[in-house]
Amino acid sequence: QVQLVESGGGLVQPGGSLRLSCAASGSIFSIHAMGWYRQTPGEQRELVASITRGGKTNYADSVKGRFTISKDNVKNTVYLQMNSLKREDTAEYSCNIRGALMDSRLFDSWGQGTQVTVSS
């Protein structure tokens, strides 16, 4: 019932920047939390950053000071601004959004994933 569409991934040189977007659509009543995760082949998916309905943010230690998560409540969209990118940031990034539908059921939806490659 909730679809997430991600955009913004790609190839960037070390030290460069990218901005990921994830827009949610569907019968959404409220959004409780939004987050970005990443995964590399053979590794577990890890939380990169999250933001609550109230705007409280949380970051993985490896991205603190370089990445910023933000949201647009009107557009039901979450962003991840990634600066000073490093080769080790290369991964598939996926967004996750949790909330409630119009019929009061809870939802927990994932985006399709977008590849970020940091390479010279």
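**Disulfide and strand pairing**

Cys95 is buried, its relative accessible area being 0%. The model is predicted. Cys95 forms a disulfide with Cys22, and the structure holds one such link. The strand that carries Cys95, strand 9 (residues 91–101), also pairs with strand 4 (residues 28–39).

**The disulfide**

- The sulfur atoms of Cys22 and Cys95 lie 2.0 Å apart.
- The link of Cys22 and Cys95 is right-handed, with 55 degrees about the S-S bond.
- Distant parts of the chain are joined by this pair: Cys22 belongs to strand 3 (residues 18–26) and Cys95 to strand 9, with the two cysteines 73 residues apart.

**Burial of the cysteines**

- Cys22 has a relative accessibility of 0% and therefore counts as buried, the cut-off being under 20%.
- Cys95 also has a relative accessible area of 0%, so Cys95 is buried.

**Strand 4 and strand 9**

- Strand 4 and strand 9 pair in the antiparallel sense, over 10 bridges.
- Ser30 stands opposite Ala100, a residue of strand 9.

**Strand 4 and strand 5**

- Strand 4 also pairs with strand 5 (residues 46–52), in the antiparallel sense and over six bridges.
- Met34 has Ile51 of strand 5 as its bridge partner.
- Strand 4 and strand 5 form a hairpin with six residues between the strands.
- Gly42, in that hairpin, takes a positive phi near 85 degrees.

Notes
Residues are numbered from 1 along each chain as its sequence is written. This is a predicted model: local features need pLDDT of at least 70, side-chain atom pairs count only at pLDDT 80 or more; totals for chains, interfaces and linings use all residues. Side-chain values use heavy atoms; hydrogens and water are left out. A disulfide is a pair of cysteine sulfur atoms within 2.5 Å. Helices (H or I, at least four residues) and strands (E, at least two) are DSSP runs, numbered from the N terminus. Buried means under 20% relative accessible area, exposed over 50%, partly exposed in between (1.4 Å probe, protein chains only). Two strands pair if DSSP finds at least two bridges between them.
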